[in-house]
Amino acid sequence: MAPFTVEAVTVELLTLGVRPGGVLLVHTSFHAVRPVEGGPLGLIDALGRALGPAGTLVMPTMTDGETLFDPRSTPSDQMGITAELFWRQSGVVRSTHPGASFAAAGPLAERICAPQPLTPPHGQESPPGRVHEFGGQVLLLGVEHSESTMLHVAESIAGVPYSVLHPCLVDVGGAPQRVMIPETDHCCRGFRRMNEWLVLRGLQREGRVGNASAKLSDAREIVGVAVERLTREPLVFLCPPSEGCDECDEARKSVKSPIELGRP
Ligand SMILES: [Zn+2]
């Protein structure tokens, strides 16, 4: 089939509800979107055109943590070709977290990519946390809520009781040093429950962008709904023990009992 033109994809993004001049965090699989004129660069072009010069485009560029992170050269890991080509473009800012970096372009890029604490990687003082603070939108392009880093922001705000230690290679006075940092990590399949919760409340816009199914929501609505659920049921995003999910079982094991917490 003929590739979608950059102009057609731009119109689809605007029709979906992307706000010109806004902040947009995009998680995407180009494989689902293609074919687009110009390939992944054409998609980046369309996202930039939809946002306009006053808008800020943000994508995750997380790394495998196996080598010392250099924001100018370390490739992203499993973030997709679009994000990988995006951070390499001139004028794009990349944040400095050794495992959980993001890239941004536009007027708020420097503020979104400003230095953050090592942990939590996706807390309020992280790039997705700042997208939330600035009232941005989250676009899932051919991927599900299981890929959405905004839900880790919600876990951080809700203060979920699980956290798992992950190794992270940091630069200590010029020497690489492996440190263990706590993360609210699990398999993230439970994040897919967000889909139904948002749809039921009319908080998710859906459509097609290229060949991909697209979902768009306000970061504040996503976090608001997730925090409300987590407050009632703090382990709602973890797989039930009966499913035998190693990652979620490990997260469950990290939860301290009320006695251990000194709260009988
Ligand atoms: Zn799981």
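Of the 264 residues of the protein, 48% count as buried. The model is predicted. Its exposed surface comes to about 12,300 Å², and carbon and sulfur atoms supply 52% of that area. A compact globule with 264 residues would have a radius of gyration near 18 Å; the protein has 18 Å, so the value agrees with the globule rule. Along the principal axes, the C-alpha atoms fill a box of roughly 60 × 50 × 30 Å. Among contacts with a separation of 6 or more, 66% come from residues 24 or more positions apart.

The secondary structure consists of ten helices and nine strands. Seven strands form an open sheet. Their order is β3-β4-β2-β1-β5-β9-β8, and the pairing is mixed. The edges are β3 (93-94) and β8 (205-209), each of which pairs on one side only. Strands of a sheet pair through backbone hydrogen bonds, either parallel or antiparallel. The antiparallel sense applies to β5 (residues 137-141) and β9 (residues 212-218), which are joined over five bridges. Leu141 stands opposite Ala214 in β9.

Strand β5 also takes part in the packing around helix α7. This helix spans residues 150-158. Its buried residues are Met150, Leu151, His152, Val153, Ala154 and Glu155. The buried residues of α7 pack against two strands of the sheet, β1 (23-28) and β5. They also pack against the helices α6 (127-133), α8 and α9 (219-232). Gly159 follows α7 and has a positive phi, near 65°.

Cys187 and Cys248 link distant parts of the chain, 61 residues apart. Cys187 lies in the loop between β7 (175-183) and α8 (193-200). Cys248 belongs to helix α10 (residues 246-253). Both Cys187 and Cys248 are buried.

Note on methods
Residues are numbered from 1 along each chain as its sequence is written. This is a predicted model: local features need pLDDT of at least 70, side-chain atom pairs count only at pLDDT 80 or more; totals for chains, interfaces and linings use all residues. Side-chain values use heavy atoms; hydrogens and water are left out. Helices (H or I, at least four residues) and strands (E, at least two) are DSSP runs, numbered from the N terminus. Buried means under 20% relative accessible area, exposed over 50%, partly exposed in between (1.4 Å probe, protein chains only). The radius of gyration is taken over C-alpha atoms; the globule rule is 2.2 Å times the number of residues to the power 0.38. Contact means heavy atoms within 4.5 Å. Accessible areas come from the Shrake-Rupley method with a 1.4 Å probe; for residues, only the protein chains shown count as cover. Two strands pair if DSSP finds at least two bridges between them.
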